[in-house]
Amino acid sequence: MTTHPASLATDTPSELQPVTALTWRNFFLWLLGFLTRRTVHGHSMAPTLSAGESILINSKQKLIHPLPCGSIVYLKHPITALPMIKRIYRHHELHQTYEVI
């Protein structure tokens with residue numbers, strides 16, 4: 001598979017968790033434990049997300065498939081299992097995989 005120079009192919013769509021917008025409703029869902037807060041490390045998502053910025057992750061949300069290109073997702077690196085926040089670059093329908101940058 002040919003990939004964008006700075007991209008990863010994720011194994012399955014179920015590994016992706018969409019990043020949730022901060023609203024009053026989501027703030028209360030976070031207080032109740034339905035959303036998880038994560039902090040952005042590094043500058044790979046700049047200018048959309050800055051280092052040190054907090055985001056909310058909804059791991060219980062049902063994913064729509066395919067996720068639209070440009071969606072921001074939280075996932076674990078397929079080799080090192082390090083958590084990452086990335087943008088969907090491309091969806092491969094045949095293999096049901098995504099490329100993220």
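This is a predicted model: local features need pLDDT of at least 70, side-chain atom pairs count only at pLDDT 80 or more; totals for chains, interfaces and linings use all residues.
Colleague: Let's start inside. Which residues make up the largest nonpolar core?

Modeller: A nonpolar core joins buried residues through side-chain atoms within 4.5 Å. In this model the largest one has eight residues: Val40, Met45, Leu49, Ile55, Ile57, Ile72, Tyr74 and Ile85. Two elements give two or more residues to this core, namely strand S4 (54–57) and strand S5 (72–76). Apart from it lies another core, of seven residues, including Leu67, Met84, Tyr98 and Val100.

Colleague: Let me pick one member, then. Which residues is Met45 in contact with, leaving aside neighbours within four places in sequence?

Modeller: Met45 is in contact with Ile72, Ile85, Lys86, Arg87 and Ile101.

Colleague: Now a loop residue. Where is His65 found, and is His65 buried or exposed, or partly exposed?

Modeller: His65 sits in the loop between S4 and S5. For exposure, the idea is to compare the relative accessible area with two cut-offs: under 20% is buried and over 50% is exposed. His65 has a relative accessible area of 48%, so it is partly exposed. For a sense of the fold around this residue, compare sequence with space: His65 and His91 are 26 residues apart in sequence and 9.7 Å apart in space, C-alpha to C-alpha.

Colleague: On to the rings. How many aromatic pairs are there?

Modeller: Ring centres must lie within 6.5 Å to pair, and the count comes to four aromatic pairs. One of them is Phe27 with Phe28, whose ring centres are 5.7 Å apart.

Colleague: Why is the pair of Phe27 and Phe28 edge-to-face?

Modeller: The angle between the planes decides, and over 60 degrees counts as edge-to-face. The planes of Phe27 and Phe28 are at 70°, so this pair is edge-to-face. Phe27 and Trp30 make a tilted pair instead, with 5.9 Å centre to centre and 40° between the planes. Both of these residues lie in helix H1 (residues 24–31), three residues apart, or about one turn of the helix.

Colleague: Which residues form the aromatic cluster, and how accessible is Phe28?

Modeller: Trp24, Phe27, Phe28 and Trp30 form one cluster. Phe28 has 46% relative accessibility, so it counts as partly exposed. Phe27 is partly exposed at 32%, and Trp30 is partly exposed at 31%.

Methods:
Residues are numbered from 1 along each chain as its sequence is written. Side-chain values use heavy atoms; hydrogens and water are left out. Buried means under 20% relative accessible area, exposed over 50%, partly exposed in between (1.4 Å probe, protein chains only). Helices (H or I, at least four residues) and strands (E, at least two) are DSSP runs, numbered from the N terminus. Contact means heavy atoms within 4.5 Å. Rings of Phe, Tyr and Trp (its six-membered ring) pair if their centres lie within 6.5 Å; planes under 30 degrees apart count as stacked, over 60 as edge-to-face and the rest as tilted.
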